[in-house]
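Here are a few quick notes to read alongside the coordinates.

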Amino acid sequence: MVLHWLSEACLLAGSFLLLTGALGFLRFPDIYARIHACGVTETLATSLILVALLLKSEAALPQVKLLFILLFLMFSGPTASHALAKAAWQGGVRPRATRDAGERPASPAGR
Amino acid sequence: MELLVDIALLSMLVATAVSLILVRGLVASIMLTSIYGLLSASFFVTMDAVDVAFTEAAVGAGVSPLLLLMTVALVGRVEQQPRKRHIAFPLLLVTVTGVLLIVGTLDMPPFGSADAPALQHVAPRYLQQSGEEIGIPNVVTSVLASYRAYDTLGEVLVIFTAGIAVILVLMLPGRRGSVPDDAGRQRPRNVVVNVVSKILIPFMLLFALYVQFHGEYGPGGGFQAGVIFASGIILYGLLYGLPSVCRVIPPPVVEALAALGVLLYALTGVLALLDGRPFLDYSVLATDPVTAQYLGITAIELGVGVTVASVIITIFYAFAAHLSEAQR
């Protein structure tokens, strides 16, 4: 019973985080803020949803599979966000704050 | 519940298709193509065609957008605006084709109906007797690798021919089979991605082998394993550069393996011919018919996997060689 409500709570929290991530992706001003909105919430939200499913499932095999997926997402999600942000930086995109302050963007590194 | 998932997936597919038409930047449209592939893969999963979904996720969402991106890196990223746009005739053509296709679907039996012609002819025999005749749980593999092994040989030959065609079209003059050198060219290093991929790539290759050898019991088989294995190698090539991946698997070796896979498949069939039986009759391989089927299916699936992986890696090499030549 406790497990059931715990899993429902995890599902709800995960869905809410996904929703905030989507909102942030649509509303945030520049690519770095958007990566932040999606990347951070996505990792946590999918982890929460997977944990919820883990609590719901009873057989051992699906649980092990879910654990593997969770592990894979823990590796791949943050790495993808990092690669995206790094690609944007190397492509010469600068955060909006420095652009608004009228600074000249530094020459893109690592070209 | 499944209906809701179907509606959500289909409306996302439609939205992706429409934005694919509207978008002008080539990189954006390639990313949309990739999303389309991923959505199709999810759709195949909801339709219980997990075997197809594997391939679609690896090729449709992974490898083919990558090849397109490499092409765009060679030719420039903005579509040229046509000077005068003749929209009437193409629109008419597309509309007529679309209407004809929709009219064509009206005659089709409802989805999943038991008296559809496709389920009347040989399908009942496959579904009911493959357990005794072939002795493996995955009916898709039985049909593909045993009942219809001749057709599958044709498919493998098509893939092999496609690989040869790409080599012929994209071969760089005077550099046949040579491993490119990266003297003096410093690639931008990305420590995080490199470390994480180093951890993950072995598991990708392991998963490909699992899909290869577990194809009789669960979703999978040679085609799926081949594309997953090739994706792992291509990922390595992307992150560490063409010279590194060419040192791991030299291009001549891949090309030879592509031919060897087809050869393994065809020789399994020829073995039956030598014994005076029909081509690809597996019963020569062992005295017990079910064991013979098992051996035959394992052999030809291995051939399929080797050929598919090698051909995809070869195509990647061909594109990547052009790209590094252009950046020189």
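What share of the contacts in chain A with a separation of 6 or more comes from residues 24 or more positions apart?

1. That share is 57%. Bear in mind that this is a predicted model, so treat the numbers here as values computed from it.

2. On secondary structure, chain A is simple to write down: it has four helices and zero strands. Going along the sequence, the pattern reads α-α-α-α.

3. As for burial, chain A has 111 residues, and 23% of them count as buried. Its accessible surface is about 7,500 Å², and carbon and sulfur atoms hold 73% of that area.

4. Over in chain B, have a look at helix H3 (residues 50-75) and helix H12 (residues 289-327). They pack at an angle of about 25 degrees, and their axes lie 9 Å apart. Because angles under 35 degrees count as roughly parallel, H3(B) is roughly parallel to H12(B). The crossing of H3(B) past H12(B) is left-handed.

5. Which residues make that contact? From H3(B) the list includes B:Val59, B:Val63, B:Leu66, B:Leu67 and B:Met70, with B:Thr71 also among them. On the H12(B) side you'll find, among others, B:Ile312, B:Ile315, B:Phe316, B:Phe319 and B:His322. By class, the residues of the H3(B) contact with H12(B) split into 14 nonpolar, two polar and no charged.

Terms used: Residues are numbered from 1 along each chain as its sequence is written. Chains are lettered from A and ligands numbered from 1 in the order in which they are written. This is a predicted model: local features need pLDDT of at least 70, side-chain atom pairs count only at pLDDT 80 or more; totals for chains, interfaces and linings use all residues. Side-chain values use heavy atoms; hydrogens and water are left out. Axes are lines fitted to C-alpha atoms, for helices over the stretch in contact, and angles run from 0 to 180 degrees between N-to-C directions. Helices (H or I, at least four residues) and strands (E, at least two) are DSSP runs, numbered from the N terminus. Angles under 35 degrees count as roughly parallel, over 145 as roughly antiparallel, 65 to 115 as roughly perpendicular and the rest as oblique. A crossing is left-handed if the near helix is turned anticlockwise from the far one by less than a right angle, and right-handed if clockwise. Contact means heavy atoms within 4.5 Å. Ala, Val, Leu, Ile, Met, Phe, Trp, Tyr, Cys and Pro count as nonpolar, Asp, Glu, Lys and Arg as charged, and the others, Gly among them, as polar. Buried means under 20% relative accessible area, exposed over 50%, partly exposed in between (1.4 Å probe, protein chains only). Accessible areas come from the Shrake-Rupley method with a 1.4 Å probe; for residues, only the protein chains shown count as cover.
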